[in-house]
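Please look over the sequence and the structure below. A short report on the model follows, topic by topic.

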Amino acid sequence: MNDFKLLFKKDFYIVLNNIKLILRNPFRLIPYALLVGYFSLFYFRGRSQRFGDSSTDLKELQGIDYGTQNVIGTLTVIGLIFLTFQLFRATKKNVSFFTMADVNFLFTSPVSPANILIYYMVRSLLPAIGMSLIFIVYGASQMSAAFDLQYSDMILMAIAIALFFFMLSPIKFLIYTLNTKYGILPQIKLGILAMGVILALMIVIPGILADKFWQGMFAWISADWFSLFPLVGWSRGIFGYLYHRNFWISLCFMLPYLVLFFIVLKLVLVHSDEYYEDVLETTQSNEEKKDKIKQKKGNSESAFSLNSGKKLNLPDFGWGANALYWRTYVHSSRQDFHPLFGIYSLGLAAIGVILAILSRMDIMTHKLVYGYFLSTVLLYFIAGMSRSQMGDLKKPFYILIPDTWSAKFWNLIRLDIYQSLIFSVLLIVPTVFIAELDGWLIVMFPICLLSFYITGFTISLTAHVGFEEAWDRKFIKPLITGGVLVFGILPALAMGLFVYLISHQFAYGMWGIGIAMLVVAGIMLHVSLDMMKKVEFKEV
């Protein structure tokens with residue numbers, strides 16, 4: 001008992017020190033307060049809407065047949081895929097509950113190794129509870145408009161998710177322990193593979209037996225008896241409280257978790273022996289990976305490089321701000337096999353061509369092709385927001401380049417614009433001709449893609465250049481992003497949707513989005529250029 005008291009006291013002082021750090025800088029709580037406010041707004045708004053219309057109730061779902069079955073089946077399959085992936089990952093990656101601080105401090109202390117392992121296994125329940133609370137609060141804020149969720153409902157939902165994530169770590173540690181002592185990794189992999197095949201057959205067989213595959217594929221997975229399946233089924237059984245309102249039934253599905261935890265804990269303690277050496281090696285490798293990730297964050301330009309060892313023979317690009325274009329050109333040449341287009345862009349374009357061919361053969365509809373166009377636009381918007389080399393704007397070599405601010409800014413994004421235009425043409429031109437789409441897409445798709453990329457790039461640039469402190473950038477960037485999203489991107493999408501609903505033509509909808517986003521991108525370019533001028537004047 002004294003061992004557990006000592007370990008608890010250690011964690012208590014860690015929490016206390018973190019609270020003191022927060023009290024020294026209370027502004028750290030502002031993003032979390034905004035997050036809670038966001039969830040609360042949707043939750044109480046949804047409850048008020050539901051009380052205004054009491055026609056929706058969980059019991060009314062009894063009349064739904066395939067809809068309810070497919071929803072339950074889809075959620076169950078997602079849980080099964082996650083479970084299988086985590087078990088297979090345990091055979092590839094060593095598991096450890098500890099950090100190097102724990103290794104250096106606890107392993108040398110006169111505390112029983114078994115008690116340390118028990119304490120840390122039980123303590124892993126706390127992150128699982130935190131993760132489940134975030135998921136439940138967000139889910140409740142979205143579901144409150146349709147269902148009358150009580151606090152007891154949310155508590156049981158949180159318990160179901162927390163127990164599922166909590167049990168994964170001890171099971172993965174048990175797999176690691178058994179493999180370390182007995183070397184039975186091939187047998188474990190075979191068992192996990194067999195489980196995956198059996199679960200896949202439980203979807204395929206009833207789907208084939210049904211009149212339509214989608215009507216029968218979840219018939220077994222969503223059945224009541226599948227709630228007996230370990231972990232995923234047990235958590236689904238706890239979720240069943242939303243329907244049957246019987247606490248004792250949900251409690252019966254909690255008890256197997258408790259029994260399984262004690263079984264896994266007993267097996268770990270029996271077979272782990274002196275686990276210090278194995279845990280030390282695993283913990284040290286995990287810490288080294290974290291350090292490498294931190295170093296990559298500081299030097300992100302080498303990420304995803306496919307041709308880092310290439311010898312370059314580049315022409316003279318000129319003087320002044322052209323040096324910035326030369327720098328991005330060299331980096332792009334290292335990153336892929338050609339600075340203007342490479343494996344990544346050709347791969348994305350090839351996917352669009354394949355979808356166009358399938359659409360031409362009537363295997364799929366044009367809507368999936370249009371959805372791919374929109375997803376690539378979103379991808380380029382995210383790529384613009386994650387653009388590297390932002391820190392160069394504050395370095396002396398950028399400030400001292402003898403050229404105008406507009407020339408520096410143009411050469412900074414010049415290669416990005418070339419790459420975006422070439423990719424958009426490679427994607428849209430063959431896709432339009434193969435799938436026989438509207439020819440106006442050849443004009444509007446590159447405009448939309450480029451506008452979204454520039455908007456994302458200027459959002460990130462404004463946050464990085466306009467604010468010195470890292471904490472200010474972390475706090476201001478979501479606000480800038482939210483402002484551009486609410487007052488710029490969402491109105492542009494609404495305009496495109498309005499045009500599409502009137503004309504029933506996707507190309508005309510792209511016209512609406514493209515024209516509106518050109519205005520948004522122009523405004524953000526003006527703001528970014530003005531911000532850059534002020535930063536350079538301040539540095540001088």
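## Aromatic pairs

Phe82, Phe164 and Phe165 form a cluster, linked by ring pairs. This is a predicted model. Its aromatic pairs number 17. Phenylalanine 12 and tyrosine 13 make up one of them, and the geometry is edge-to-face. The ring centres sit 5.8 Å apart, with 65 degrees between the planes. Over 60 degrees counts as edge-to-face, so this pair qualifies at 65 degrees. Phenylalanine 12 has a relative accessible area of 47%, so it is partly exposed. Tyrosine 13 is partly exposed too, at 43%.

Phenylalanine 226 and phenylalanine 229 pair in another way: they are stacked. Here the centre-to-centre distance is 5.2 Å and the planes are 5 degrees apart. Planes under 30 degrees apart count as stacked. Phenylalanine 226 is buried, with a relative accessible area of 2%. Phenylalanine 229 has 19% relative accessibility. The cut-off for buried is under 20%, so phenylalanine 229 also counts as buried.

## Salt bridges

How many salt bridges does a search of the whole structure find? There are three. Lysine 10 and aspartate 11 meet through their side chains, at 2.8 Å from N to O. Both lysine 10 and aspartate 11 are buried. Arginine 123 also bridges to aspartate 11, with an N to O distance of 3.0 Å. This pair links distant parts of the chain. Arginine 123 belongs to helix 5 (residues 113–123) and aspartate 11 to helix 1 (residues 2–24), 112 residues apart. Aspartate 11 has a relative accessible area of 11%, so it is buried. Arginine 123 has 28% relative accessibility and is therefore partly exposed.

Glutamate 436 sits in the loop between helix 18 (405–435) and helix 19 (441–466). Arginine 360 is in helix 15 (residues 343–360), so the bridge ties together parts 76 residues apart in sequence. Glutamate 436 is exposed, because its relative accessible area is 55%. Arginine 360 is partly exposed, at 45%.

## A nonpolar surface patch

Which residues make the nonpolar surface patch of about 820 Å²? They are Leu190, Leu193, Val197, Leu201, Ile205, Leu209, Trp220 and Trp225. Valine 197 is in helix 8, which covers residues 185–209. Its relative accessibility is 44%, so valine 197 counts as partly exposed.

## Helix 10

Helix 10 covers residues 232–239. Seven of its eight residues are buried, so this helix is largely enclosed by the rest of the structure. The buried residues are Val232, Gly233, Trp234, Ser235, Arg236, Gly237 and Ile238. Helix 10 also has the highest confidence in the protein chain, at 89.

## The chain as a whole

The protein chain has 21 helices and zero strands. It has 540 residues, and 41% of them count as buried.

## Confidence

What is the mean pLDDT of the protein chain? The mean is 76, and 73% of the residues reach 70 or more. Confidence is lowest in helix 2 (residues 30–52), where the mean is 59. Over residues 50–64 the pLDDT is below 50. In the model, that stretch has 16 contacts beyond near neighbours in sequence.

Residues 296–305 also stay under 50 in pLDDT. For this stretch, the model has 12 contacts beyond four places in sequence.

Notes:
Residues are numbered from 1 along each chain as its sequence is written. This is a predicted model: local features need pLDDT of at least 70, side-chain atom pairs count only at pLDDT 80 or more; totals for chains, interfaces and linings use all residues. Side-chain values use heavy atoms; hydrogens and water are left out. Patches are made of residues with over 30% relative accessible area and no salt bridge: like charges are joined within 9 Å, nonpolar side chains (Val, Leu, Ile, Met, Phe, Trp, Tyr) within 5 Å. Accessible areas come from the Shrake-Rupley method with a 1.4 Å probe; for residues, only the protein chains shown count as cover. A salt bridge is a side-chain nitrogen of Lys or Arg within 4 Å of a carboxyl oxygen of Asp or Glu. Helices (H or I, at least four residues) and strands (E, at least two) are DSSP runs, numbered from the N terminus. Buried means under 20% relative accessible area, exposed over 50%, partly exposed in between (1.4 Å probe, protein chains only). Rings of Phe, Tyr and Trp (its six-membered ring) pair if their centres lie within 6.5 Å; planes under 30 degrees apart count as stacked, over 60 as edge-to-face and the rest as tilted. pLDDT is the predictor's confidence in each residue, from 0 to 100. Contact means heavy atoms within 4.5 Å.
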